[in-house]
Amino acid sequence: MTATLTTCPYCGTGCNFYLLRDEDGRLTGVEPAGNHPTSRGQLCIKGWNAHAFVEHPDRLTIPQIRTKGNLQPVDWQTALDLIHEKLSGIAEKHGPDSLMFLSSAKVSNEENYLLMKLARAGYGTNNIDHCARLCHSSTVTGLVETLGSGAMTNSLSCFDETELIFVIGSNTTEQHPLIGSRILQAVWRGAKLIVADSRKIRLARHADLHLRHMNGTDVALLNGLMRQILLEGLENRSFIASRTENFAALEKSLAPFHPEYVAKVTGLLPEQIISAARMYAKAEKAMIVYAMGITQHSHGVDNVRAVSNLALLTGNLGRPGTGVNPLRGQNNVQGACDMGALPDVYSGYQRVSDPAARLKFSAAWQTRLPEKPGLLSTHAIEAAAAGKIRGMLILGENPMLSDANQNLVRQALEKLEFLAVIDIFPTETAQLADVVLPAACYAERDGTFTSTERRVQRGRKAVAPPGEAQADWQILCALLQRCGVKADYAEPGEIMAEISGLTPSYAGISYARLDGNGLQWPCPDAQHPGTPILHREQCARGKGRFSPVAYRPPKELPDASYPLLLNTGRTGIHWHTGSMTRRSHLLDREERSAFVEINPEDAEKLQVRTRQQVKISSRRGAIQAAAKVTERVPPGQIFIPFHFAEGAANALTNNALDPESGIPEFKVCAVRIDPC
Amino acid sequence: MPQPLNDSTSIYVPQPCTLLEVSDLTPQEKLFRLCLDSGGELGQQPGQFVQVSIPGLTEAPISVANSPTRRGYFELGVRKAGTLTGAMHQLQPGDTLGIRGPFGRPFQLAALVDKEVLLIAGGCGLAPLRSLIQYCQDRPGDFKSVHILYGARSPQDLLFKEDLENWQSSETFSCRYIVDKSPGSSCYDGETGLITRLIGALEIDSKNGCAVVVGPPPMYRPVIAELRRLGLTGKRQIMLSLERQMRCGIGKCGHCTIEHLYCCTDGPIFWLEEIEHLRGAL
Amino acid sequence: MLKRLVERDIYDLLGRIADSYRLRVPGLLDDGTRTLLPWDGQQISLFGEPPQRKPTAYFFPQTDPLLKIDPRGQATPAAVAEKPFALFGLDSIDLAALAFTDRFFSNPPPDDHYLRRRNGALLIGLTGYAGPSRGFLPLVKGNCDLELIACGEYWLARAGCKSADHWLAHYPPGDQEQLAVLQRESAQWNHRAAVDVQQAMELLRQDMVPDSFWEEIASRCILCSGCNLACPTCTCFCVQDRQTATGTVRSRVWDSCQLDAFMREASGHNPLGTEALRTRRRIYHKLVADPERWGEPGCVLCGRCDRACPTGIGMFAVAKEIASRFAISSPD
């Protein structure tokens, strides 16, 4: 038996566990890391089952290319040559910007770095993005503007010393279970808890205050809280004076948000708004925790600005037990952003439009680099549907299930001249590809992952990949070499050495230093211990900037023909598009198929019982799912998890995008339910 | 500690058997007639079950629907409910299946001898009870009288219609059946209402009566109440068959526990007084 | 037969055992987690917290192939390694857990798959001053083949059964009086949670714990299943089939009664259909159902579920709450 310490492949919490392998080289189970600062001998149910999908017979084991309509096995050489021939051919004929590269929050920092290098240095386009577009692009845009850094400001250990936690739009016990449990432990220690969520999530059962505001009314709620705080003089005057700018504009913008107005917009009572404002502002140390409930809106960036304004107004920044704490969803979505798998920045958020940064990367990579920022992934799908993007390489993502408006995504991917997919399972997206390459999964390769608290940690190889599958970094090196870009790394540690040389916030990070508990960036030099708390003396941008926002309702609200509001998200059991968890026996057994949560009031009106199949339709599509009648959702709202291909929530969702971050409005659209 | 079996076999290894015949009972239920490839008898006692194995779909517990007195084959009545039973419904004669068992504590036959026996089934419960009914049919002298009462949801949900007719015309039994609801369109002219109505109408010597009840979980409480009104209030007068998820059939997997009991080895047949006080049993 | 060993002798003894067994010894993993690991002759962690991984996992691993079915439907049982395990570093609690599990799987009809691994295995206790910070671990009463008792500068060793005597044959005799001292200390040793668990057991048996309590505890549960997976006497499993071109591998996989699907039937009927019922089962089964069936509780007081639980509702914590909230104060 061997025990290999690695980082969990699921959410961004950053738990560590050991993969256990028997004498035959088979994975037999998982053991939590007993002394790791995040895991502490504990895991969530997905972590406890993280070994289960690795050896699933559905794993891709051999490269395939589409011949006469069907995917057929080929050798690596042929498959890689074909990808390069097609991509470079399209770039030559239609320009490099007719290509799009989708990277993945499931692959390592090194692999994200290599793919962005491939897009930029190899094929000459900044058209690279990844699924952060669908989760925290609003955070990156919003917090960079207000604080200068788009990451969680504080650390998970801060939950142990805070006085109050304000959770808005995060079902933490299900989506980041080991952070959710820390919040609960804080409550039992005596900290106050405010939960703002339209659903009765588990945290709400333990909250001092549960605000069930209507989906999409976050700006009104947050502005209402701030107006009340100012009205009662509960703001932190000295912090505002010394550490912030643009306060006057904020103050002016808040005027309309009196409690009665906010109550009307949000569906809350004025008293709830007043008491939440008091409770939050009176705490000496308060943390705001948020996730997709804030970001996945057509006004997601505004939501983030409002969150940031609230923390600045009360001086809850730069100290232990405070902060603006976006919880990153994927195990390496923070790292994928850090590595510049984004259309406008290189690694470390160095802008492609900045000539100095461009010069630095051109010199290092010995090639000319494009200066025009690239396309957002959501725009790229639209562009592909319009025939403007002609070739696409997708690494470990499944937009067919994860993106809004599935019909549009299918149309876009089918229209491409060439689609290559690198993945571990034959996903719904891989079914549409011209070339499919089999990749090693997290348990089969080395690399680093950056957790939600900016903790860079090692992932380690525990078993050999199945069949001919190769690590993503090896595949990407082979493509870089075909582009004439030097890529002769013997191991991922050498890629990290290149990253740290080019990325100030990772400058002090090397594999040798990551054994133990990893390092939290910024880590600017080889002696630096890492940074648990950002913005301590001053914000990353200097002064914290108040960024006033106005309330805009969601793009599509229920009406007579589509009378219900559809909220989408995940459950605690499954992960995203289900390609891993639905192949893990215990998890699959727990939730076998698509379901829709319906409030008993609506169920009675619709004459629907639990377990009954119903048809749910929106203006974009229709699906079937089993009804689950529950008080968890408020009347007028239904909730569908997006894990299930056979009842794909994203066939219904609205691809109305935030004008700045390009994030779709996953949390609000109008639907109808009919009996099947 | 006991020594394991030899290495060439295991209690978890199913034995192959071949499907002889498949017949439709209702749109959701089929009857499968099988024989062991080894040529031997299954050797079940009425009330026992087998674990049916299909590679790729694991196993499911299914009660044996025929009496061991009918030799040379065994029968399983199967409702299409999950993936394995769904796959079974696709099988054709000549196909093979894996079987482990028979498992479980059978109906307590000795306790029925010389008694006024009430055999009460609801829905799919008639399949396991059929093994006992056939047993009684084949040993008519063993019992003072045998009353069969059967309730189904609707006329089209009635199982074993031919058997029912045969039992009704048999001198060994009194047999009545009833459906909860009969749509106006159906040509059903039998009784409608709940099975408790049939029980209430019985006239038996309650001191010498013994009831065997097999049905869906919601049926037990009302039926038991009705049997008590009939006077079956003593010990060893009501026998029940409980259904639970079972993964192993041998008291190891833990899915079928009822407090300290294992439904697969301590049951599935229980005397009412053994389980009545246990939480979650009924 | 009592023997006296010095540390060097332990390495010698284990070296001889390793020749014929798959030896596992306490060691520290990369992050310092103490657990039983294959021995390659390196330094052994002779003192410390009990191994984190439950010892029963060696005979009943998390994913455990039972059999293979070839494409023609012919099934053959999964092979088990020829060399049996030798586990060194088990305290009295872990040995009790193994004894509990042995009895469970041996109960007729016996689980041959478990027994194939378990039979012939060598269990080696590690007791005396071998706990965290060289704290005291009570001596073992039976349950093991060999026992090494840390006495500070040296070790006492004894065989738990005749067939294991030969391992110790050539060491000098140990001090019986020293053993008697340690035995007295063991008799006086009290587990920190024993009183609470005992009291909770009584209260549950007397039906003094209302359903509202289980609802409250259940609302704190985030459904990680860690309590069950960490528990050395939890034996529940589900079955998974994995099909490839060469056949189907049927395995058993650790299950958890805290999951909704644990008892859910294909019809949708679920005898454990609420979180409160499942939470109650987790505690009640160990403290009331197991004593009823096996004559002793299923909780051996190892504390692993408390450690694995992210929200502090492991056995010790729940027992403590039951004891403090529902105990009737003694009559005047």
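User: How far apart are the centres of domain 1 of chain B and domain 2 of chain B?

Analyst: This is a predicted model, so read every value as computed from it. The two centres, taken over C-alpha atoms, are separated by 24 Å. Domain 1 of chain B covers 15-103, and domain 2 of chain B covers 109-241.

User: How many residues does each domain of chain B put into the contact?

Analyst: Domain 1 of chain B gives 15 residues, and domain 2 of chain B gives 15 residues. Next, look at the classes. On the side of domain 1 of chain B that touches domain 2 of chain B, five residues are nonpolar, seven are polar and three are charged.

User: How is chain A divided?

Analyst: Into three domains: domain 1 (72-126 + 331-520), domain 2 (137-327) and domain 3 (564-675). Note that domain 1 of chain A is written as two segments, 72-126 and 331-520. The centres of domain 1 of chain A and domain 3 of chain A are 30 Å apart, again over C-alpha atoms. Their contact takes 15 residues from domain 1 of chain A and 17 residues from domain 3 of chain A.

User: Now interfaces between chains. What should I count?

Analyst: In general, the size of an interface is often given as the accessible area lost when the parts come together. Here we count residues in contact instead. Chain C brings 37 residues to its contact with chain A, and chain A brings 36 residues. In the contact of chain B with chain C, 36 residues of chain B meet 40 residues of chain C.

User: Which element gives the largest share of the side of chain C that touches chain A?

Analyst: β10(C), with five residues. The elements that each supply at least two residues are β3 (34-38), α7 (226-230), β10 (237-244) and α9 (304-308) of chain C. This side of chain C has 14 nonpolar, 15 polar and eight charged residues.

User: What about the classes on the side of chain B that touches chain C?

Analyst: There the residues divide into 15 nonpolar, 15 polar and six charged.

User: How do I read a sheet?

Analyst: Strands of a sheet pair through backbone hydrogen bonds, either parallel or antiparallel. Start with the strand order. Chain C has an open sheet of seven strands, ordered β1-β9-β8-β7-β6-β2-β3, with mixed pairing. Then find the edges. β1 (2-5) and β3 of chain C are the edge strands, and each pairs on one side only. From one strand to the next, the twist averages 25°.

User: In which sense do β6 and β7 of chain C pair?

Analyst: Parallel. Strand β6 (residues 85-90) of chain C and strand β7 (residues 122-128) of chain C pair in this sense over four bridges. Leu87(C) stands opposite Leu123(C) in β7(C). Helix α2 (residues 92-106) of chain C packs on the sheet and touches β6 and β7 of chain C. The direction of α2(C) makes about 150° with that of β7(C).

User: And helix pairs? Why are α11(A) and α12(A) called roughly perpendicular?

Analyst: Check the angle, then the distance, then the handedness. Helix α11 (residues 259-266) and helix α12 (residues 270-282) of chain A pack at an angle of about 110°, with axes 8 Å apart. Angles of 65 to 115 degrees count as roughly perpendicular, so α11(A) and α12(A) fall in that class. Their crossing is right-handed. Pro259(A), Glu260(A), Val262(A) and Ala263(A) of α11(A) meet Pro270(A), Ile273(A) and Ile274(A) of α12(A). Six of these contact residues are nonpolar, none is polar and one is charged.

User: At what angle do α5 and α10 of chain C cross?

Analyst: Roughly 60°, for helix α5 (residues 194-205) and helix α10 (residues 315-326) of chain C. Their axes come within 8 Å. α5(C) and α10(C) are therefore oblique to each other. This crossing is left-handed. The α5(C) side of the contact includes Val197(C), Ala200(C) and Leu203(C), and the α10(C) side includes Phe316(C), Ile322(C) and Phe326(C). By class, the contact has nine nonpolar, one polar and two charged residues.

Methods: Residues are numbered from 1 along each chain as its sequence is written. Chains are lettered from A and ligands numbered from 1 in the order in which they are written. This is a predicted model: local features need pLDDT of at least 70, side-chain atom pairs count only at pLDDT 80 or more; totals for chains, interfaces and linings use all residues. Domain bounds come from an automatic or database domain assignment. Two residues are in contact if their C-beta atoms, placed from the backbone, lie within 7 Å. Axes are lines fitted to C-alpha atoms, for helices over the stretch in contact, and angles run from 0 to 180 degrees between N-to-C directions. Angles under 35 degrees count as roughly parallel, over 145 as roughly antiparallel, 65 to 115 as roughly perpendicular and the rest as oblique. A crossing is left-handed if the near helix is turned anticlockwise from the far one by less than a right angle, and right-handed if clockwise. Ala, Val, Leu, Ile, Met, Phe, Trp, Tyr, Cys and Pro count as nonpolar, Asp, Glu, Lys and Arg as charged, and the others, Gly among them, as polar. Two strands pair if DSSP finds at least two bridges between them.
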